[in-house]
Amino acid sequence: MQAMVQTQNLRKTYKHADGTSIEAVKGVDLEIHQGEIFSLLGPNGAGKTTTISMISGLLTPTTGDAVIGGYSITKQPLEAKRLMGFVPQEIALYPELSARQNLLFFGKMYAMGGKALNQRVDELLEFIDLADRQNNRIDTFSGGMKRRVNIAVGLLHRPQLIYMDEPTVGIDPQSRRRILDTVKQLRDEYGMTVLYTTHLMEEAQELSDRVGIMDHGAIIAMGTQGELTQQVGEEDRLEFTIGAQTVTDELIERIQNKATAVTRVLYNPPEQLSEEGSESTPARLIAFAKRGRTALPLIIQILDAAGIEIQSVAVREPDLEAVFLALTGRALRD
Amino acid sequence: MKILAIAWKELYTTFRNRNLILLMFATPLVVSTIIGLAFGGDGDSDTPDFANIPVAVVNLDEGFNLQDEINLPAGITNPDALPFDPNDIVFTIGDTEINLGEQLNLNFDGVSLNFGDQLASILLSQPIAINNTVASAGIDSTEITCSLLDTAAENSAGNFSSESALDELLDATAVADPDVARAGVEEGEYAVAVIIPQEFSRQLTPRFYFEDDGRLRSDLYSEAGAVEVYANSGRAISGAIVRSIVEGIVNQFGRVRVALSATLETSVNSLIDSLEGGEIDVSGLVADVPAVIANLQPLTADALEPLGCLITPGASNITVDQQPLDALQEASRFARITVAIGSSQAVFFALFTGIFGMYSIYEERQQWTLQRLIVSPTPRVYLLAGKLLGNLVVVFVQLLILLSALTLIASIVIGEPTFVWGSNLALIFLVILALALCVSGLGVFVVGLAKTQEQVVLFGPMINITLAVLGGAFSFSLPERVSQFSFIYWGVDAFTRLASSQLDGATSQQAGIVALFNTDVALNLLVLLGQGIALFLVGAWLFKRRMEL
Ligand SMILES: Nc1ncnc2c1ncn2[C@@H]1O[C@H](COP(=O)(O)OP(=O)(O)OP(=O)(O)O)[C@@H](O)[C@H]1O
Ligand SMILES: [Mg+2]
């Protein structure tokens, strides 16, 4: 497969006014194949936006370069930019303009005009199902509607490649569903290459052909979902939500020793799991086991005997969350 | 193409923003209309609505005796020591017999100049008392001309009438005690108190002294006597009017004192030269009358010309800033006021558009539309050019709309369609464009220079207000020298000139004034365009950085 985007040792150091500096991206090497959905998965502040900004020509890399469809983003920025569409994390639209006016304006920035532009705008308004609201000002739109227009702008010039930076942030489940379907449609019907960033494991899991997991400015794992989960082995993950009782080290040791299949126990990880609906950090106990379903009754027994209240139990098969947890010892957080 | 699209977007988004529209148009129109009405009345009545501003005039001026200050050369301790009695010398100029002693008294003894009296008389619209001056010394005052006056005023010299324009404008009362006057202002009895300080004449008069070489020299006090104009804060406009009148008069005194010192210096020094050179034999002075007369030539009517300006009753009249007042009587006062106040207010409010239009670069960055533009295959220069052009057009359109709206308001108030800006449309457009260039250029410059958003918000309005104060947008006039630092001055001045040239056809008897107003606006345009282009170029260069992320 041909590489649509290829980066070499991309680095970005932000200098702060007080003289300190932060290395937001630490030498990223990526390859995104033509026609695939590639997800960058990582918690807040991992450096996803910074990476996307560099490979879209928004930020100059401190070192390194990215080649887009054969053009270097630093040396031939205009040619490279013509190939890509861009859907920023923010709603990058003029609130005073209508949906249609926004589309027309940005269309002109892609050297489109006249009839062709008008037709394309009509088409996109149908595509995002906002033809009836096209003449309303953006600031009268709901969050989900804005998100859809935000995506449409990125599609205006029929780019081969589109960057979408967390396009589902802050919207209702229904709108999110629509957007996820749209993204798949772009690949499946239009053969587009999509770079999709998210901090939600489920989205990456549903959409991606390949995933790059990012943490603290570095890609810590990259590959198809199958390749990635294999890295953590065949272990199931047993997640217990427990009461406020204290769990002693001795108790954890007992679980590890008595329940034979258990390889590792994590107690109350500092960050909460990125599960929807989870609120304030409850006490958590996570056990990794080769055969989760055999280990489960044993662990419940031990916890019961120790007088610990079990609020909920979940058994998870190997997934991207597990990969992240295994590689960092932390959960992806919301 | 892309540049135009960006410029259009700037224009469009600006005019879609209700709050901005309010700030850009409603506020300046309301402000200028209110001020206009306060100043200009409805244009129908004969007496101005703002007429009869109650003013208390307190004259503390002690006057000034030239002899007290003069520093005679070492050889001559006092005039009595002269080897002859000047009073014995009588000669004739034309048909008039002149006593040299009296003439000399003019310079050395007995004449007490009192500028404060003159100022007070003008304000009180009283005939100016003529005591112990050249006129009474035997020279007919009409013989003394004053070239400082323009033709119109010169014609009226000698026909001083207390029915001056000021009489209608001010209801002035002489008050002896400054504290009483101030209290009167506080209590609302007077709108304004004009207090002429003790030292007023002393400071206005050049200081003469003889140097070691026996030459007469003069120094001008660097500061003219500061007349206190104490206004009731609730009557700011009245205060501003009186302040500008007083300033106008004092400035005229100032011009005279410069001429006075120069003339006296040359006259006296040439007399001394003659004495030293033996051209006049002092001992045989009486016998040598023709020579004396020849050498006294500088002290005849011509030489006294500047002094004449000062003391000729009719001439003093001109010291009241008469042009605007006359113009107010003319056509419609409201129209006239609208031009000055409306245009300065328009520019003042446009300044905010200029700065906050460019400031929107920060908003665009926050809402990520700037990033979206940068990610598009558009060179940065285009983005910059579009943004600048957009701002310029927005400011231009704002000025255009404001001036049009003011025309409409003026027409409604006056009761008939009146295009208050004059008839030279091309020049009017050019002035607006030049002003837009300055205003927008300043915005680009300020936003380009400021390091952060906060600095723009902090310094932008400060700069705007300073420029407006300097430029006279708040109707207290500063000395012209100072005002010239503000392009608002140049703009308003240009508008006033253009508007006034319209009077040309309407009233021919105002020849002098029209001539003055008719002066080209070429200098104004030059200054405005020069400043505008400079601000734009430097601003664009600075602003480029704001487009980096
Ligand atoms: N302009 C900037 N100046 C300084 N530091 C920055 C800047 N932009 C980002 N950072 C820092 O760089 C790091 C990476 O930020 P980035 O926005 O790329 O993360 P992200 O993965 O997109 O996070 P999120 O999921 O919250 O969008 C963070 O620590 C952030 O604070
Ligand atoms: Mg981000």
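## A walk through the predicted model

Strand 8 of chain A, residues 161-165, is mostly covered, since five of its five residues are buried, where buried stands for under 20% relative accessible area, exposed for over 50% and partly exposed for what lies in between, computed with a 1.4 Å probe and protein chains only. Strands here are DSSP runs of type E with at least two residues, helices are runs of type H or I with at least four, and both are numbered from the N terminus. This is a predicted model, in which local features need pLDDT of at least 70 and side-chain atom pairs count only at pLDDT 80 or more, while totals for chains, interfaces and linings use all residues. Residues are numbered from 1 along each chain as its sequence is written, chains are lettered from A and ligands numbered from 1 in the order in which they are written, and side-chain values use heavy atoms, with hydrogens and water left out.

The cover on strand 8 of chain A extends to both faces: A:Leu161, A:Tyr163 and A:Asp165 are buried on one side, and A:Ile162 and A:Met164 are buried on the other. Strand 8 of chain A runs parallel to strand 7 of chain A, to which four bridges join it, and two strands are said to pair if DSSP finds at least two bridges between them. Within this pairing, A:Ile162 is the bridge partner of A:Gly85. Strand 8 also pairs with strand 9 of chain A, residues 193-198, in the parallel sense over five bridges, and there A:Tyr163 stands opposite A:Leu195.

From the strands the reader can turn to the ligands. Ligand 1 is surrounded by 14 residues, the closest being A:Gly45, A:Lys48, A:Thr49, A:Thr50 and A:Glu166; a residue counts as near a molecule if one of its heavy atoms lies within 4 Å of it. By class, this shell holds five nonpolar, seven polar and two charged residues, with Ala, Val, Leu, Ile, Met, Phe, Trp, Tyr, Cys and Pro counted as nonpolar, Asp, Glu, Lys and Arg as charged, and the others, Gly among them, as polar. Helix 1 of chain A gives the most to the shell, with three residues. An oxygen atom of ligand 1 lies 2.9 Å from a polar backbone atom of A:Gly47, and an oxygen atom of the ligand is 3.2 Å from a polar backbone atom of A:Ala46. A polar side-chain atom of A:Tyr14 lies 3.3 Å from a nitrogen atom of ligand 1.

A:Thr49 also takes part in the metal site, where its OG1 and the OE1 of A:Gln89 coordinate the magnesium ion, ligand 2, at 1.8 to 2.2 Å. The pair links distant parts of the chain, for A:Thr49 belongs to helix 1 and A:Gln89 to the loop between strand 7 and helix 3 of chain A, 40 residues apart. Donors are N, O and S atoms within 2.8 Å of the metal (3.2 Å for Na, K and Ca), and water is not among the atoms, so sites may look incomplete.

Two residues call for a look at the backbone. Most residues other than glycine have a negative phi. A:Asp129, however, has a positive phi near 60° and lies in the loop between helix 4 and helix 5 of chain A, where it is partly exposed, with a relative accessible area of 45%. B:Trp368 has a positive phi near 70° and is found in the loop between helix 15 and helix 16 of chain B, but B:Trp368 is buried, at 14%.

Note on methods
Polar contact = N/O pair within 3.5 Å; in protein donor to acceptor, adjacent residues only side chain to side chain.
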